[in-house]
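Please open the structure in your viewer and keep the selection tool ready.

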Amino acid sequence: MTTKPHPHDDLDLRPVLAAVLKDYSLPLTGDHGIIHWARVLENGLLVGRHAGANLRVVSLFAVLHDSKRLNECSDPAHGPRAALFAESLQGQVFELEATELELLKTACRGHTHEKHHPDVTIQTCWDADRLDLGRVGITPHPNYLNTSHAKRKETIQWADGRASMRFIPELIQKDWGIDLRRIRA
């Protein structure tokens, strides 16, 4: 299974990434860093296209959901902090409709501790993140996924394989202009 990121309407994630990276305190290539965000984005676009999710919200979630973590282990308040951060960027770095902003904030707030949600966009955000659990040695289980496409055996194997082998999406350099070789060296 392959997926290629498509343009996200008129959404340019580079200014959002610049705002995130200005104060990001964890290792950029760590378990919750930029490589994870890129895989979450690709997972979300794949699942979201099949589910009919709002891909603008899914894309923003990918780069914001772990942006306010204070450590790589347990940080239960990082989701709510990310939601507040997203709200602060609205109108400054990106422009969402009020309903889209609420979806983004809800997805960020609940992505760690909530299992299911009735909204397909929030479901997609959470599935995109959970499909990348292989990076920390956890194989995603369909019972913790929401959308039918994310629950497919093929989708789980594809995403888990990428996460487990720490696949680095080329969009990081190609679309975001970030050269990880300089960061990792």
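Select α2 (34-51) and α3 (residues 55-64): α2 passes α3 in a right-handed crossing, that is, the near helix is turned clockwise from the far one by less than a right angle. Helices here are DSSP runs (H or I, at least four residues), numbered from the N terminus. The model is predicted: local features need pLDDT of at least 70, side-chain atom pairs count only at pLDDT 80 or more, and totals for chains, interfaces and linings use all residues. Residues are numbered from 1 along each chain as its sequence is written, and side-chain values use heavy atoms, leaving out hydrogens and water.

The two helices pack at about 160°, with axes 8 Å apart; axes are lines fitted to C-alpha atoms over the stretch in contact, and angles run from 0 to 180 degrees between N-to-C directions. α2 is therefore roughly antiparallel to α3 (over 145 degrees).

Next, select Trp37 in α2 and Tyr24 in the loop between α1 (14-23) and α2. The ring centres are 5.1 Å apart and the planes stand at 80°, so the pair is edge-to-face (centres within 6.5 Å, planes over 60 degrees apart). Both Tyr24 and Trp37 are buried (under 20% relative accessible area, 1.4 Å probe, protein chains only).

Finally, select Gly79 in helix α4 (residues 78-89). Is Gly79 buried or exposed? Gly79 is buried, with a relative accessible area of 2%. Gly79 touches Cys108, Arg109 and His111, not counting residues up to four places away in sequence; contact means heavy atoms within 4.5 Å.

Key
Rings of Phe, Tyr and Trp (its six-membered ring) pair if their centres lie within 6.5 Å; planes under 30 degrees apart count as stacked, over 60 as edge-to-face and the rest as tilted. Buried means under 20% relative accessible area, exposed over 50%, partly exposed in between (1.4 Å probe, protein chains only). Angles under 35 degrees count as roughly parallel, over 145 as roughly antiparallel, 65 to 115 as roughly perpendicular and the rest as oblique.
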